[in-house]
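Colleague: I have a new model open. Can you show me how to read it?
Modeller: Gladly. Here it is.

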Amino acid sequence: MAGYRSAEFSGFGGHRIRGRLLVPRDAAGPLPCVVRCLGYNSGRGLPHNWLLSPDDYYYRRLYTDEVRAVEAAREHPPVDPARIVIS
């Protein structure tokens, strides 16, 4: 059975990103980590953010948030910083 911890970091444009770090309950030692970014679609943002092409904005935001999610995962003690992937 896994437990989870709340995780929070600053993403693209300083927006707060909230998520969960799922950890096996009795795990020992640094563990591999998979980062998944859920909930991204073309409806996010404000009109002034769409001055760039919507695709450019979407990908810039997604890539920035993914990089920052990996950085945040590296800060958690149960995570092995050398074994993090993005799914």
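Modeller: Read along the sequence, the pattern is β-β-β-α-β. Keep in mind that this is a predicted model.

Colleague: How many helices and strands does the protein have?
Modeller: The secondary structure comes to 1 helix and 4 strands.

Colleague: What share of the contacts with a separation of 6 or more joins residues 24 or more positions apart?
Modeller: That share is 50%.

Colleague: Now burial and surface. What percentage of the residues count as buried?
Modeller: Buried means under 20% relative accessible area. Of the 87 residues here, 29% pass that test. The protein exposes about 6,300 Å², and 53% of that comes from carbon and sulfur atoms.

Colleague: Which residues have the most contacts inside the largest nonpolar core?
Modeller: They are Phe9, Cys33, Val35, Ala73, Val79 and Ile84, in a core of 13 residues. At least two core residues come from each of β2 (16-24), β3 (31-35), α1 and β4 (79-86). Helix α1 gives the most, with 4 residues.

Colleague: What does Val35 touch beyond its sequence neighbours within four places?
Modeller: Val35 contacts Ala69, Val70, Ala73, Ile84, Val85, Ile86 and Ser87.

Colleague: And the charge. Is Glu66 buried or exposed?
Modeller: Glu66 is buried, and it has no salt bridge. A salt bridge needs the charged atoms within 4 Å. The nearest side chain of opposite charge, Arg36, is 9.0 Å away.

Colleague: Where does Glu66 lie, and what does Glu66 touch?
Modeller: Glu66 lies in helix α1, residues 54-74. Leaving out residues up to four places away in sequence, Glu66 touches Cys37 and Ile86.

Key
Residues numbered from 1 in each chain as written. Predicted model: local features only at pLDDT ≥ 70, side-chain atom pairs only at ≥ 80, totals over all residues. Heavy atoms only, no water. Buried < 20%, exposed > 50% of the residue type's maximum accessible area, 1.4 Å probe, protein only. Lys, Arg positive; Asp, Glu negative; His and termini not counted. Contact = heavy atoms within 4.5 Å. Areas by Shrake-Rupley, 256 points an atom, 1.4 Å probe, with all protein chains shown as cover. Core = buried A, V, L, I, M, F, W, Y, C linked by side-chain atoms within 4.5 Å.
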